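Here is a short briefing on one protein model.

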Amino acid sequence: MSTTDTPAPTGAAGEGAAPPVLVRRARLLGGEETDLLLAGGRVARTGPGGSLEAPDGARVVEAAGLVALPGLVDLHTHLREPGREDAETVRTGSRAAALGGFTAVHAMANTDPVADTAGVVEQVWRLGREVGLVDVRPVGAVTVGLAGERLAELGAMATSAARVRVFSDDGRCVHDPVLMRRALEYVRSVDGVVAQHAQDPRLTEGAQMHEGVVSSVLGLRGWPAVAEEAVIARDVLLADHVGSRLHVCHVSTAGSVEILRWAKARGVDVTAEVTPHHLLLTDELVRGYDPVYKVNPPLRTRADVEALREAVADGTVDVVATDHAPHPVEDKDCEWAAAAMGMTGLETALSVVQEALVETGLLGWADVARVLSSAPARIGRLEDHGRPLAEGEPAHLVLVDPAARRPVAPEQHATQGRNSPYRGMELPGRVVATVLRGRPVVLDGALVGEQPDDAHLGASRGAPHGAAGAS
Ligand SMILES: NC(=O)N[C@@H](CC(=O)O)C(=O)O
């Protein structure tokens, strides 16, 4: 890709403030080469490849050979701010998201303080707006302090400026069935959804990895599949009983897929996500005791990976969500039992999906747009995202070079987390450009147009962070 240079837009331009952009010869999901003229924050015109003239002052983005997808939407991101800015901030997480092709992320509530009040969710939402690289939509906690005892102020979060629609105690399970029932009943009135972290706490006390052959060989306390499956089974029955919307976070076992299939066939209003790492990696990797592979839920078996891939292909699992969980080096670079759980994922998600689902023939690019953009936008009620790239629609898009291959180099990532399980793996695909509301935020694989008053911050962290390798 190359761009002809008119002055680069800087700062968090509001809707319509960016100069027009002509994306030339991008491959849309139907396969045909198309020109897209972006103006006023929207797709103003489309035409056959090479047919549209660039208006005066427009930036031209040459996109021959690139696939254009609607901007990606992550339903499950840990941005860590407020409270753990040593792990990630809204700014560094937004950079990682934009470089990964995302135009919206849902920021999980397990911050410090917990995002369980209108004040905290508004703070996170405002920080996201100030950074202006992606739309940051806060997730509200289901229970006060994630303690699982009292419902948080769900209504106040929903009606705040942050317009929270997804509620989750992620990192912890809402285990009390009465509380879960009340939460499901309550979110109905705000068109919200409870996103459950399905993990029976008693069955997983002290658990370190998936319970199976490898855990018994290594002598690590096992985390049985049933600890996830039992909670999902209970919750789909509860959601059915009260007629509410349920979303299941990071599904990781073949048994969970079977329960979801049953629930959907029965008409339960349930959706589910799977992480990229559960689509590619297995518990065999734990044999080296490298804590980079320690994650919640744990990496499972090859049979689980196969079942999860099939479930995405047949729609039983609706969404791929990153569960991007950055941790400081000192929290990961230690003995297995002491290490924090979690993996980074924003900057590798699309490549892992291409590797696990596209190159295996299970998904086409239109399906990728569904699982990484339109379905998560619908579940999170982000009306402005996940829309087709058609005239009049919001101009959120990502241009991907599917023919690129590159080794993953976490030290070049924009996230502060270095805990990528793909270090050194060669993965396909490269995000070449990301456009938010008609304004390019990534071009040629590097960030552009950040707020000028953050230049010092960028320099100290080595930004802009170009992706490794060439297109
Ligand atoms: N997914 C993870 O392994 N970690 C998450 C929370 C969690 O434990 O689910 C985190 O916040 O670090």
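A residue counts as buried if 20 or more other C-beta atoms lie within 10 Å of its own. By that cut-off, helix α1 (residues 90–99) is mostly covered, with 10 of its 10 residues buried. The model is predicted.

**Covered helices**
- The buried residues of α1 include V90, R91, T92, G93 and S94. R95, A96, A97, A98 and L99 are buried in α1 too.
- Just after α1, G101 takes a positive phi of about 95 degrees.
- Helix α11 (residues 349–358) is largely enclosed by the rest of the structure, because 9 of its 10 residues are buried.

- Strand β6 (residues 67–70) is covered on both faces. V67 and L69 are buried on one side, A68 and P70 on the other.
- In a regular strand, side chains alternate between the two faces of the sheet.
- β6 runs antiparallel to strand β17 (residues 397–407), and 4 bridges join them.
- P70 has L397 as its bridge partner in β17.

**Nonpolar core**
- The largest nonpolar core has 141 residues. A68, F167, L308 and L399 have the most contacts inside it.
- Helix α12 (residues 365–379) gives the most to this core, with 7 residues.
- The core lies between domain 1 (3–69 + 391–460) and domain 2 (70–379), because both give residues to it.
- Nonpolar side chains tend to be buried together in soluble globular proteins.

**Ligand shell**
- Which residues are around the ligand? They are H78, N110, D170, G171, H197, V295, N296, D323, A325, M341 and G342.
- By class, this shell has 6 polar, 3 nonpolar and 2 charged residues.

**W262**
- W262 is found in helix α7 (residues 254–265).
- Is W262 buried or partly exposed? It counts as partly exposed, because it has 13 C-beta neighbours inside 10 Å.
- A233 is 29 residues from W262 in sequence. In space, their C-alpha atoms are 9.7 Å apart.

**Annotated region**
- An unreviewed UniProt entry carries the annotation "domain: Dihydroorotase catalytic" for residues 67–254.
- Over residues 67–254 the chain is 35% helix and 18% strand. The end C-alpha atoms of that stretch are 32 Å apart.

How values were computed. Residues are numbered from 1 along each chain as its sequence is written. This is a predicted model: local features need pLDDT of at least 70, side-chain atom pairs count only at pLDDT 80 or more; totals for chains, interfaces and linings use all residues. A residue is near a molecule or strand if its C-beta atom, placed from the backbone, lies within 6 Å of it. Ala, Val, Leu, Ile, Met, Phe, Trp, Tyr, Cys and Pro count as nonpolar, Asp, Glu, Lys and Arg as charged, and the others, Gly among them, as polar. Helices (H or I, at least four residues) and strands (E, at least two) are DSSP runs, numbered from the N terminus. A residue is buried if 20 or more other C-beta atoms lie within 10 Å of its own, exposed if 12 or fewer, and partly exposed in between; C-beta atoms are placed from the backbone. UniProt positions are given in the numbering used here, feature names are shortened, and annotations may be inferred rather than shown by experiment. Two strands pair if DSSP finds at least two bridges between them. A nonpolar core is a set of buried Ala, Val, Leu, Ile, Met, Phe, Trp, Tyr and Cys residues joined through C-beta atoms within 7 Å. Domain bounds come from an automatic or database domain assignment.
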